[in-house]
Amino acid sequence: AIIPNAVDLADFSVAGDRAARRTGLGVPPDAPLLVMAGRISPWKGQHIFVEALARVRAARPAVHGVIVGLAEEADGPGYAASVRAQADALGLGSHLHMSGFRADLPQVLAAADVVVHCSVKPEPFGRVIIEGMAAGRPVVASALGGAAEIIADGQDGRLTPAGDPAALAAALLRLLDDPREAERLGQAARRTVAQRYQVGAHVQAVLAFYERVLAERRDV
């Protein structure tokens, strides 16, 4: 039986001053903002995010990017430092922020214009994808693994080929240039979470599985 992960939608019903949340991240209140969250590891693709961000900035000089997460040195020693060096070499400078671990992820995601997922290997699920969707943000994700099962491309998010920064940048620019489309996708994404990834539905699915197994054993 396949039972997907879940989130409490209420945790992502974030109110308050969006501009203040951006300021807390070191981002100008009115700057286009792209956020990527997850542990910092080569297979998560932070290097793809950085290259895509540089391409976006060539067209939208005010854009900022935030990478949220801790470095997993066992997965790639020095990788976080190489990502920072890559950003500096591409001229991103203060336009890329590496925030480290954040306990307020719902607030950070709510501050974004677009939430970005860049894994270059298949995700078993990709929890941050449904977290971005629960925050009502449009999500652009790699079209493999769990992401390809969660997102219906063009309906409640966007999928791009894994490891392709040019395609990722093009998708991000389309959303930054079309706020109405970004809003439509964000609202549809939150509805998808409400319908498929709520904690209550997850609990009921687990209980139903156990009850079915127990019923089968009783029949033996």
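**View 1. Asp88 and Arg84 are separated by about one helical turn, being 4 residues apart in helix 3 (residues 79-89).** Helices are DSSP runs of H or I with at least four residues, and strands are E runs of at least two, numbered from the N terminus. The model is predicted: local features need pLDDT of at least 70, side-chain atom pairs count only at pLDDT 80 or more, and totals for chains, interfaces and linings use all residues. Residues are numbered from 1 along each chain as its sequence is written, and side-chain values use heavy atoms, without hydrogens and water. The two side chains form a salt bridge (3.1 Å, N to O), meaning a side-chain nitrogen of Lys or Arg within 4 Å of a carboxyl oxygen of Asp or Glu.

**View 2. A salt bridge joins Arg18 and Asp113 (3.7 Å, N to O).** Arg18 belongs to helix 1 (residues 18-24) and Asp113 to the loop between helix 4 (105-111) and strand 4 (114-116), so the pair ties together parts 95 residues apart in sequence. Arg18, Arg22 and Asp113 are linked in a network of salt bridges.

**View 3. Glu181 and Arg184 in helix 8 lie 3 residues apart, about one turn of the helix.** Their side chains meet in a salt bridge (2.8 Å, N to O). Glu181 is buried, at a relative accessible area of 17%, whereas Arg184 is partly exposed at 36%; buried means under 20%, exposed over 50% and partly exposed in between (1.4 Å probe, protein chains only).

**View 4. Leu175, Leu176 and Asp177 in helix 7 meet Pro179, Glu181, Ala182 and Leu185 in helix 8.** Contact means heavy atoms within 4.5 Å.
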